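Thanks for coming. I have one structure to go through today, so please look at the sequence and the model first.

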Amino acid sequence: MSATGGRPETDSGNSDVFIARLIAEPARLAANCDTAIHALEAAGMKVHRAEPLAAHDDVLEVAADHGTAATLRAVLDAQFSPVDLLVSDHAPGVPGVFVSDMDSTMISAECIDELADFAGLKEQIADITERAMQVELDFAEALTERARLLGGLGEDAIQQCLNERIFDMPGARTLVATLKAHGTQTVLVTGGFHQFADPVAERLGFERVVGNRLAVAHGKLTGGLVGDIVDSSVKEAVLRAAVAHRDGAASLATGDGANDIPMLIAASYGIAYHAKPKARAAAHGWVEQGDLTSVLKLLGVARGDWAEA
């Protein structure tokens, strides 16, 4: 196990028991369960159980050993896709730390792309964003170039963008409120900007925000940034520091792009949310059909224990 409770070192293969939880269309779960067990056994794994989770009868829990977490994920994905899935080397539970990306994870948009629309540059900037998310461009260079292109835009466009374009992902408030009610420390960490992240965090209930900041002078964006750039390494460092502060507590990370991969790997439960292929492949699990309350189901939090948002 990593210092932050991440992917187990035994992923290379031994007899450690892995726990998988998956949410799929109920008829598909029932129809494909036996086939999935046979496929796991054909891959060399021994299945100890496959049964509904006590807290959620629409969540299937599979316990298996003599293989790897990667094999378990791949077989279950092949048998049940589309599926919401989490694989761990122990029964997942409420984490002590929750660190999440913002754009396209906690909110439904990429803030910089929407802000660019007010400058008539959405298509150009969105292309840079997408290429950075797919690891085709260096993140820092892509961020600096997008900020430069926005130079001269009125600062009031940020508030207008927030009001008209930036909406919470379904389930976001319930996820954050429930975890906080169970004692989890919550951090919103973004490669985006404080001008968006601060009000989003306040609305959703995050306790701390880490992000970049657009430079402003005389009521307009200057085209520059203030301070050091928050990139993938900073996201991972924020998670590791929060875990250390909580004496090695289990951690949850959610994100959707390449910039989130290091923290997804470092977390105890790294869950890719409607993610780019590389982020999905790197994570311990993913949500690709449900909303953010699927994360609570995968963690085994009973619906009666969800907080009202």
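Strand S6 gives the most to the lining of the largest cavity, with 4 residues. This is a predicted model, so local features need pLDDT of at least 70 and side-chain atom pairs count only at pLDDT 80 or more, while totals for chains, interfaces and linings use all residues. Residues are numbered from 1 along each chain as its sequence is written, and side-chain values use heavy atoms, with hydrogens and water left out.

A word on terms. A cavity is a set of points, on a 1 Å grid over the protein atoms alone, where a 1.4 Å probe fits but cannot get out, and lining residues have an atom within 4 Å of a point. Grid points are joined across faces, edges and corners, and a volume is the space filled by probe spheres set on the points. Helices (H or I, at least four residues) and strands (E, at least two) are DSSP runs, numbered from the N terminus.

The structure holds 3 cavities of 30 Å³ or more. The largest cavity has about 220 Å³ of space. Its lining is made of 18 residues, and those nearest its centre are Asp 103, Glu 110, Met 133, Phe 139 and Gly 191. Two or more residues each come from helix H4 (122–133), helix H5 (139–149) and strand S6 (185–193). By type, the lining of the largest cavity has 6 nonpolar, 5 polar and 7 charged residues. Here Ala, Val, Leu, Ile, Met, Phe, Trp, Tyr, Cys and Pro count as nonpolar, Asp, Glu, Lys and Arg as charged, and the others, Gly among them, as polar.

Next, the rings. How many aromatic pairs does the count come to? The count is 1, where rings of Phe, Tyr and Trp (its six-membered ring) pair if their centres lie within 6.5 Å, and planes under 30 degrees apart count as stacked, over 60 as edge-to-face and the rest as tilted. The ring centres of Phe 98 and Phe 206 are 5.8 Å apart and the planes are at 35°, so this pair is tilted. Phe 98 is in strand S5 (residues 97–100) and Phe 206 in the loop between helix H8 (194–204) and strand S7 (208–212), so the pair ties together parts that are 108 residues apart in sequence. Phe 98 is buried at 0% relative accessibility, and Phe 206 is buried at 8%; buried means under 20% relative accessible area, exposed over 50%, and partly exposed in between (1.4 Å probe, protein chains only).

Now the backbone. Most residues other than glycine have a negative phi, and most peptide bonds are trans. Ser 104, not a glycine, has a positive phi of about 60°. Ser 104 lies in the loop between S5 and helix H3 (111–117) and is buried, with a relative accessible area of 18%. His 274 also has a positive phi, near 40°. His 274 sits in the loop between strand S11 (269–273) and helix H11 (277–282) and is partly exposed, at 39%.

Which peptide bond is cis, with omega near 0°? That is the bond from Ser 81 to Pro 82. Pro 82 lies in the loop between helix H2 (69–80) and strand S4 (84–88).

Note on methods. On a 1 Å grid over the protein atoms alone, a cavity is a set of points where a 1.4 Å probe fits but cannot get out, and a pocket is an open set with protein on both sides within 12 Å along at least five of seven lines; lining residues have an atom within 4 Å of a point.
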